[in-house]
Amino acid sequence: MSDASEPAAGRDRLLAAITRYRVPIGILLLVVLLRPVIGLEALLGSSYIASAMLIWMLFAAAFNLLYGYSGLLSFGHAIFLGTGIYGVAIGLRHFDLPYLVAAPIGVIVAGLIAYGIARLIVGYGEIYFAMLTLAFAEAIHFVVNADPFGLTGGADGLRSGTTPAWIESFRGRSVVQIGGGEFELYYFVALVFVLAMLALWQIVRSPFGRTLVAIRDNEELARAMGISTARYQVWAFTLSGVFSAVAGTLLVIRNSGASLENFGMMTGAEVILMSIFGGISYFFGPIAGAFSWFFAREYLTNLEMVAVPLLGTVDVGPILGYWRFFFGFLFVVVIVLSPQKGLWGFVRSAADRLRTRLVEVIRE
């Protein structure tokens with residue numbers, strides 16, 4: 001009896017461990033599979049944007065720590081991505097700082113800015129909070145564009161002298177050279193991505209993260225239970241800004257420079273669309289949204305000829321150049337079909353129905 005039950009018990013423990021650590025397992029699978037999968041000829045045929053995908057996935061997940069878990073919408077999260085980018089660019093170009101010094105400075109500055117803004121605007125209500133973040137974003141965009149003390153480069157941004165000496169770029173390929181060896185920049189980005197995502201996962205599953213969800217679901221009840229809702233929201237905004245800046249410290253070396261558009265309204269709007277499209281109710285939702293955004297952009301803009309029955313080969317390049325329109329249409333379809341859960345919730349629901357149906361067929 002005991003011999004027969006031991007394999008079943010071992011299988012149950014394995015399934016329980018996989019279920020418990022499904023998020024870390026999913027993150028590791030993502031960084032391992034992303035590059036070779038999108039490089040398939042049937043998909044994008046190139047893995048050039050894999051590192052950009054990881055960086056924007058981290059940015060979207062950081063944004064969702066605020067929006068998805070605390071319920072506060074920020075239109076100004078480009079502030080923190082841009083601060084991480086310009087913190088590294090200014091440190092390397094103007095002060096000859098090592099990347100490993102400039103990057104933490106950029107992250108700390110972004111955290112201080114986020115904390116200061118949050119202390120000023122948390123407590124004014126969701127609509128006013130969103131509008132005030134937009135106002136701060138516009139103000140900081142204006143300051144960066146004014147090129148204070150010749151640090152930011154104004155509208156031209158910072159292009160030269162912003163890449164660490166241990167990164168070499170040639171014909172679109174960037175490699176990290178350390179200790180006589182070299183490896184693709186993607187793996188450096190992937191290492192930081194994994195560490196940052198695991199930290200975010202620990203935050204959302206901690207008592208702090210669960211309290212944020214309680215505040216999001218019913219702020220008045222949380223306040224009645226003695227929870228200082230404003231303090232939690234301030235720290236949610238601060239941490240969200242810090243992780244957004246971490247994404248910025250990666251984007252500056254990936255793009256070999258800093259651009260004013262990193263502080264622009266479109267950057268803030270795009271991360272909102274990615275998160276909502278992917279599903280703000282799930283940890284992997286914003287990740288799915290960022291992947292879909294980049295995949296749709298690359299696939300549609302590179303697709304030129306399509307074989308259509310009865311019509312032959314049709315040149316669709318000029319039409320698909322407007323890929324944002326088609327992505328917007330897909331956004332509407334997903335939100336209509338799954339308004340609260342986004343693409344990730346839609347996929348999970350479909351998988352659950354398929355699994356249930358397969359079980360029924362097997363039992364029959």
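Me: In this predicted model, which backbone oxygen does the side chain of Thr211 reach?
Reply: The side chain of Thr211 makes this approach at 2.7 Å. Thr211 itself lies in helix H8, residues 207–217. The backbone oxygen belongs to Pro207.

Me: Is Thr211 buried or exposed?
Reply: Its relative accessibility is 14%. Buried means under 20%. Therefore Thr211 counts as buried.

Me: How many aromatic pairs does the structure hold?
Reply: Rings of Phe, Tyr and Trp pair if their centres lie within 6.5 Å. Among the pairs is Trp56 with Phe294, at 6.1 Å centre to centre. The total for the structure is 17.

Me: What kind of aromatic pair do Trp56 and Phe294 form?
Reply: The angle between their planes is 55°. Planes under 30 degrees apart count as stacked, and those over 60 as edge-to-face. The rest count as tilted. The pair of Trp56 and Phe294 is tilted.

Me: How many residues apart in sequence are the parts that Trp56 and Phe294 tie together?
Reply: Trp56 lies in helix H3, residues 50–70. Phe294 lies in helix H12, residues 285–302. So the pair ties together parts whose separation in sequence is 238 residues.

Me: Are Trp56 and Phe294 buried or exposed?
Reply: Trp56 has a relative accessibility of 9%. Phe294 has a relative accessible area of 6%. The limit for buried is under 20%. So Trp56 counts as buried, and Phe294 is also buried.

Me: Ring pairs link Trp56 and Phe294 into a cluster with which residue?
Reply: Trp56 and Phe294 form a pair. Ring pairs also bring another residue into their cluster.

Me: Where in the chain do Tyr86 and Phe263 lie?
Reply: Tyr86 and Phe263 form a tilted aromatic pair, 5.3 Å centre to centre with 45° between the planes. The pair links distant parts of the chain, 177 residues apart. Tyr86 is in helix H4 (residues 78–95), and Phe263 is in the loop between helix H10 (229–254) and helix H11 (265–278).

Me: Which ring does the charged end of Arg254 sit over?
Reply: A charge sits over a ring only if it is within 6 Å of the ring centre and within 35 degrees of the ring normal. The charged end of Arg254 is 4.6 Å from the centre. The ring is that of Tyr48.

Me: Which element gives the largest share of the lining of the largest cavity?
Reply: The lining is made by Ala61, Asn64, Leu65, Tyr69, Leu200, Val204 and Phe283. H3 and helix H7 (185–205) each give two or more of these residues. The largest share is four residues, and it comes from H3.

Me: What is the volume of the largest cavity?
Reply: A search of the whole structure finds one cavity of 30 Å³ or more. The volume of the largest cavity is about 40 Å³.

Definitions and conventions. Residues numbered from 1 in each chain as written. Predicted model: local features only at pLDDT ≥ 70, side-chain atom pairs only at ≥ 80, totals over all residues. Heavy atoms only, no water. Buried < 20%, exposed > 50% of the residue type's maximum accessible area, 1.4 Å probe, protein only. Polar contact = N/O pair within 3.5 Å; in protein donor to acceptor, adjacent residues only side chain to side chain. Phe/Tyr/Trp six-rings, centres within 6.5 Å; stacked < 30°, edge-to-face > 60°. 1 Å grid on protein atoms, 1.4 Å probe; cavity = no way out; pocket = protein on both sides within 12 Å on 5 of 7 lines; lining within 4 Å. Points joined across faces, edges and corners; volume = space filled by probe spheres on them.
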